[in-house]
Amino acid sequence: MKAFISVDMEGVVGTTTWSECEKGDKPYEEFRRRMAREAAEACRGALEAGAKDILVRDAHDSDANLPIDALPAPTRLLRGKTGHPFQMMSGIDETFDAAAFVGYHARAGSDANPLAHTMSLRTRLIELNGEPLSEFRLNALTAASVGVPAVFTSGDEFVCEEARAFDPKMRVAPVKRGFGAATLNLHPDEADALIREQAREAFRNAGDVAPATLPDEFEIKFRFVDKRRAYRYSFYPGAKLEDAETVAFATDDWFDVVRIVMFLT
Ligand SMILES: [Zn+2]
């Protein structure tokens, strides 16, 4: 079994402020270790479920956060900006059996995590076919676009609920809840155990989960914080300015969606 694990930081135990998530800031080192710990537990779960090949995609900010010796063997780590529109899912292809998300978080427009956003802080909301878009949904649909089912999600309670609604067979490990500028967190040891156990069950039963069905057509709308950015990006080929802060784009090809997300956010 071949497993793909995308790892973010704003949904791991503890992270509550941006300085805890930004390389170079003092609190970052502590939370980078936390991110690595949760990624490692998900890998252990996958290995216990029989995974023979695990690709971990470091998927936060610089995409180079996880210490290279933090993960159990045999795992391969993809770090750094690839420049490919799959971004947080770079490295996935049709040879994988299942995809998992670790440290994921509430989407732009949500108040369920003080660090809620979708891809960057440039948009206050992104909508796909009329529904608010999270990094989770973007990336789960990217996995589906290459025929890979999404089986496990850890992160804040909001994203875990979203993941269960996306696919009732999804295994989840909610490790924190946000409100206002605060987060309420599980003890790290409990979070580790929960992630490992749920990841193990998810990968063990991956064969029972079908890849999500992609809609035939996609309409994506980006509502920008800065109206000047909306005007500028309305010149992206095929895009149009819907109102002063909103750029809209329609296509029937998922790759067009991930491409415009890469260039506009
Ligand atoms: Zn992140």
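1. Strand β11 (residues 240–243) and strand β12 (residues 246–251) run antiparallel and are joined by three bridges, and a hairpin of two residues links β11 to β12. Strands here are DSSP runs of E with at least two residues, helices are runs of H or I with at least four residues, and both are numbered from the N terminus. Two strands count as paired if DSSP finds at least two bridges between them.

2. Please keep in mind that this is a predicted model, in which local features need pLDDT of at least 70, side-chain atom pairs count only at pLDDT 80 or more, and totals for chains, interfaces and linings use all residues. Residue numbers run from 1 along each chain as its sequence is written.

3. On the overall layout: the protein splits into domain 1 (2–121 + 133–208) and domain 2 (218–264), with bounds taken from an automatic or database domain assignment. The C-alpha centres of domain 1 and domain 2 are 26 Å apart. Eight residues from domain 1 and six residues from domain 2 make the contact, where contact means C-beta atoms, placed from the backbone, within 7 Å of each other. The side of domain 1 that touches domain 2 has five nonpolar, three polar and no charged residues. In this scheme Ala, Val, Leu, Ile, Met, Phe, Trp, Tyr, Cys and Pro are nonpolar, Asp, Glu, Lys and Arg are charged, and the others, Gly among them, are polar.

4. Now the open sheet: seven strands with mixed pairing follow the order β3-β2-β1-β4-β7-β8-β9. The edge strands, β3 (75–78) and β9 (182–185), each pair on one side only. From one strand to the next, the twist averages 20°; angles run from 0 to 180 degrees between N-to-C directions, and axes are lines fitted to C-alpha atoms, for helices over the stretch in contact. Strand β2 (residues 53–58) pairs with β3 in the parallel sense over four bridges, and Val56 has Leu77 in β3 as its bridge partner.

5. Helix α2 (residues 135–145) lies across β1 (2–7), β4 (98–104) and β7 (150–156), at about 165° to β4. Helix α4 packs on the sheet too, touching β1, β4, β7 and β8 (171–179), and its direction makes about 145° with that of β8.

6. How many of the residues of α2 are buried? Eleven of eleven, where buried means 20 or more other C-beta atoms within 10 Å of the residue's own, with C-beta atoms placed from the backbone (exposed is 12 or fewer, partly exposed in between). Among them are Glu135, Arg137 and Asn139. The buried residues pack against β1, β4, β7, α3 (157–166) and α6 (254–264). Just after α2, Gly147 adopts a positive phi of about 80°.

7. α2 and α3 have axes 10 Å apart and pack at about 35°. Phe136, Arg137 and Ala140 of α2 meet Val159, Glu162, Ala163 and Phe166 of α3, giving five nonpolar, no polar and two charged residues.

8. Finally, the axes of helix α1 (residues 28–48) and helix α4 (residues 188–204) come within 7 Å and cross at roughly 35°. The contact of α1 with α4 has seven nonpolar, one polar and ten charged residues; including Arg34 and Glu38 in α1, and Asp192 and Arg196 in α4.

Technical notes
Contact = placed C-beta atoms within 7 Å.
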